[in-house]
Amino acid sequence: MSSAVLAVTRHLSVREVLQVIVRSAQQLLNARYAALGVPDEDGSFAEFVAEGITDKQWDAIGPLPRQHGMLGAMLRDGVPVRLPDLTKDPRFEYWPKAHPVMRDFLGVPILDGDDVLGIIFLANKKVPGGFTEDDEKLLTMFAAHAALALTNARLYERGRELAMLEERNRMARELHDAVTQKLFSLRLTAQAANALLPVDPTRAAVELDRVQRLAGEALAELRAVIVELRPAELDRHGLAETLRKHVRLLDRLQPCQVTFEGDELPPVPAEVEVAVLRVAQEALHNALRHSGSERVEVRLTHASGKLALLVRDEGVGFDDSGQLRGLGLVSMGDRAESVGGKVAVTSVPGQGTTVRMEVGV
């Protein structure tokens, strides 16, 4: 127990704390399966972490569970549950087809006063006899320490978010002033060039050169704004996890299935993270709005020094090259080029559309 508590309290990232809680609980009580669910306000789980289930099994199981059956009962009641056979309890409803079979079960709420922060549950103890009353007491004690660690991590991340937000707002004000001045100068110079063009083309050309220089400076400062004001989730979770969470939310909200696969990434420059995320969001928006596909696939991979984003649907597709511009190709291409990357869009009528972005990292 001492080692488990020390392991949990050593981390300040909420995601890491959740993962260590689950792993420690599994080892502490010698269970084959362990999981922790943190509820959201939409009847599902904001976070769901498990041990004992492979990534391939997770993909086959499908979306995150909703607050039904035993999970919902534990969230409502806020009391421990220990069962010799979960499937025989009247609160049990069903599992997805690919879900592993679980029998003996022990679930304990993580409480902050009367509020349920989440649920730790274990299944299939590795020694005969199932979970005991002592196991329940031990896991309840561990859950109390887990609640402190989780609350502390959330407060730490919230403090970081507020500090970063304050710094971003300060830099935004400074950059906004600088860009506004550049654009004002750009407009005046363009007006002067326009007035000089009929009477003094040489001087007009000088002014037009100045317009080009000012436009370049304004563009550079605007790009700096984009980098500095990047989504807070990227600072908290990194590109892969931020995109995974975004896809997971869309999968819950949209009628079609939206899936994500991602490699473990090396350190990625901030401006590249922002560009890839925005291209992914634009491509997903197009697929969900226009394709009529029952499935949209998102992949983020890294190989040979290149980061590759793939967004693919199985929808109506198109063959009108002009339609590409309407679907945001110019915007996606500009974002990719700003970080030295490129975007390609391929589509076949009746077979779907694929958006691919590549950038060196």
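In this predicted model, the loop between helix H2 (14–28) and strand S1 (31–39) contains Asn30. Asn30 has a positive phi of about 55 degrees, although Asn30 is not a glycine. That deserves a remark, because most residues other than glycine have a negative phi.

Which other residue has a positive phi although it is not a glycine? Asn124 does, with a phi of about 60 degrees. Asn124 has its place in strand S5, which covers residues 115–125, and with a relative accessible area of 14% Asn124 is buried. The value for Asn124 is under the 20% cut-off, which means that Asn124 counts as buried.

The aromatic residues come next. How many aromatic pairs does the structure hold? The structure holds four of them, and among them is the pair of Phe45 and Phe48, whose ring centres lie 5.5 Å apart with 70 degrees between the planes, an edge-to-face arrangement. Phe45 is buried, with a relative accessible area of 0%, and Phe48 is likewise buried, with a relative accessible area of 10%. The rings of Phe92 and Trp95 also form an edge-to-face pair, because their planes stand at 70 degrees, with the centres 4.8 Å apart, and an angle over 60 degrees counts as edge-to-face. In this second pair, Phe92 is buried at a relative accessible area of 19%, whereas Trp95 counts as partly exposed at 24% relative accessibility. Ring pairs also join residues into a cluster, which links Phe45, Phe48, Phe105 and Phe121.

The accessibility of the four residues in the two pairs described above is set out here.

| Residue | Relative accessible area | Class |
|---|---|---|
| Phe45 | 0% | buried |
| Phe48 | 10% | buried |
| Phe92 | 19% | buried |
| Trp95 | 24% | partly exposed |

Which residues form a negative surface patch? The patch is made of Asp55, Asp59, Glu261, Asp263 and Glu264. One of these residues, Glu261, has its place in strand S6, which covers residues 257–262. Glu261 counts as partly exposed, at 42% relative accessibility. Why does Glu261 count as partly exposed at 42% relative accessibility? The reason lies in the cut-offs, because buried means under 20% and exposed means over 50%, with partly exposed in between, so Glu261 at 42% belongs to the partly exposed class.

Definitions and conventions: Residues numbered from 1 in each chain as written. Predicted model: local features only at pLDDT ≥ 70, side-chain atom pairs only at ≥ 80, totals over all residues. Heavy atoms only, no water. Phe/Tyr/Trp six-rings, centres within 6.5 Å; stacked < 30°, edge-to-face > 60°. Buried < 20%, exposed > 50% of the residue type's maximum accessible area, 1.4 Å probe, protein only. Patch = residues over 30% accessible without salt bridge, like charges linked within 9 Å, V, L, I, M, F, W, Y side chains within 5 Å. Areas by Shrake-Rupley, 256 points an atom, 1.4 Å probe, with all protein chains shown as cover. Salt bridge = Lys/Arg side-chain N within 4 Å of Asp/Glu carboxyl O. Lys, Arg positive; Asp, Glu negative; His and termini not counted. Charge placed at Lys NZ, Arg CZ, Asp CG, Glu CD. Helix = DSSP H or I, 4+ residues; strand = E, 2+ residues; numbered from the N terminus.
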